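Please take a moment with the sequence and the structure before reading on.

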Amino acid sequence: MSSPNELSPKSPQESAVETRHVVLPNDANHYGTAFGGAIMSWIDLIAVMAAQRHSGREAVTVSIDRINFITPIQIGDHVNLKAMVNYVGTTSMEVGVQVNRENPYTGEMVRATTAYLSFVALDENKKPAQVPPLKLETDLEKRRFAEGKMRIEMAKEFSAKIKASRRIP
């Protein structure tokens with residue numbers, strides 16, 4: 001029998017989430033392109049679903065670590081979002097989200113946005129809770145895990161440098 005601290009590993013595929021939206025006029029600016037904030041909202045929603053599926057718990061957004069708007073998305077375009085857990089620590093998870101713009105008439109898909117978000121799993125008392133390790137099965141999953149680990153380490157280093165620079169001598 002395993003102890004409560006021994007959680008069964010889960011593959012990134014087990015918690016992956018995919019969803020779709022259509023860009024409506026209220027999602028867009030006066031140029032007819034989707035608001036970045038609307039896209040960010042959809043990203044946060046799908047990313048937390050992946051974090052909850054992986055942890056089996058409530059999860060909260062700690063940070064949006066990076067978001068790249070690559071190609072504009074127009075009113076009427078279909079938007080396909082895919083989220084997957086890339087990296088896990090003890091209580092935290094990095095989730096990557098890929099956003100593709102799809103022409104509803106031709107089916108042509110173009111990468112529009114990518115984002116990386118960090119989440120923490122919470123227990124019943126709203127305290128950080130341990131998350132299952134990732135079961136890495138493919139070279140792509142291993143690469144995403146390694147890159148996620150680098151992003152987390154760089155963020156910690158950057159945060160430490162900022163704090164150090166604010167110290168008054």
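This is a predicted model: local features need pLDDT of at least 70, side-chain atom pairs count only at pLDDT 80 or more; totals for chains, interfaces and linings use all residues.

**Charged pairs, strands and a helix**

The side chains of Glu147 and Arg143 come together in a salt bridge, with 3.0 Å from N to O. Both residues belong to helix H3, where they stand 4 residues apart, about one turn of the helix. Glu147 counts as partly exposed because its relative accessibility is 26%, and Arg143, with a relative accessible area of 42%, is partly exposed as well. Side chains of opposite charge can pair when their charged atoms come close.

The mean pLDDT of the protein chain is 94, and 96% of its residues reach 70 or more. Confidence is lowest in H3, where the mean is 93, and highest in E3, at 98.

Helix H3 itself runs over residues 139-165, and its length can be checked by a simple calculation.

Since Glu94 lies in strand E4 and Arg151 in helix H3, the pair ties together parts that are 57 residues apart in sequence. Glu94 has a relative accessible area of 0%, and therefore it is buried.

The structure holds 7 salt bridges, and another of them joins the side chains of Arg101 and Asp77, at 3.9 Å from N to O. This pair links distant parts of the chain, as Arg101 is in strand E4 while Asp77 is in the loop between E2 and E3, 24 residues apart. What does accessibility say about the two partners, buried or partly exposed? Arg101 counts as partly exposed because its relative accessibility is 22%, whereas Asp77, with a relative accessible area of 11%, is buried.

Leaving aside neighbours within four places in sequence, Glu58 is in contact with Val120, Ala121, Leu122 and Lys126. Glu58 and Pro128 are 70 residues apart in sequence, yet their C-alpha atoms are 9.8 Å apart in space.

Phe69 also lies in strand E2, which covers residues 58-69, and it counts as partly exposed because its relative accessibility is 45%. Together with Met40 and Ile64, Phe69 forms a nonpolar patch on the surface, and the accessible area of the three together is about 250 Å².

The last stop is Thr114, which is found in strand E5. Its relative accessibility is 16%, and because buried means under 20% relative accessible area, Thr114 counts as buried. If residues up to four places away in sequence are not counted, Thr114 touches Arg66, Ile67, Asn68, Ile70 and Val97.

Methods
Residues are numbered from 1 along each chain as its sequence is written. Side-chain values use heavy atoms; hydrogens and water are left out. Patches are made of residues with over 30% relative accessible area and no salt bridge: like charges are joined within 9 Å, nonpolar side chains (Val, Leu, Ile, Met, Phe, Trp, Tyr) within 5 Å. Accessible areas come from the Shrake-Rupley method with a 1.4 Å probe; for residues, only the protein chains shown count as cover. A salt bridge is a side-chain nitrogen of Lys or Arg within 4 Å of a carboxyl oxygen of Asp or Glu. Helices (H or I, at least four residues) and strands (E, at least two) are DSSP runs, numbered from the N terminus. Buried means under 20% relative accessible area, exposed over 50%, partly exposed in between (1.4 Å probe, protein chains only). pLDDT is the predictor's confidence in each residue, from 0 to 100. Contact means heavy atoms within 4.5 Å.
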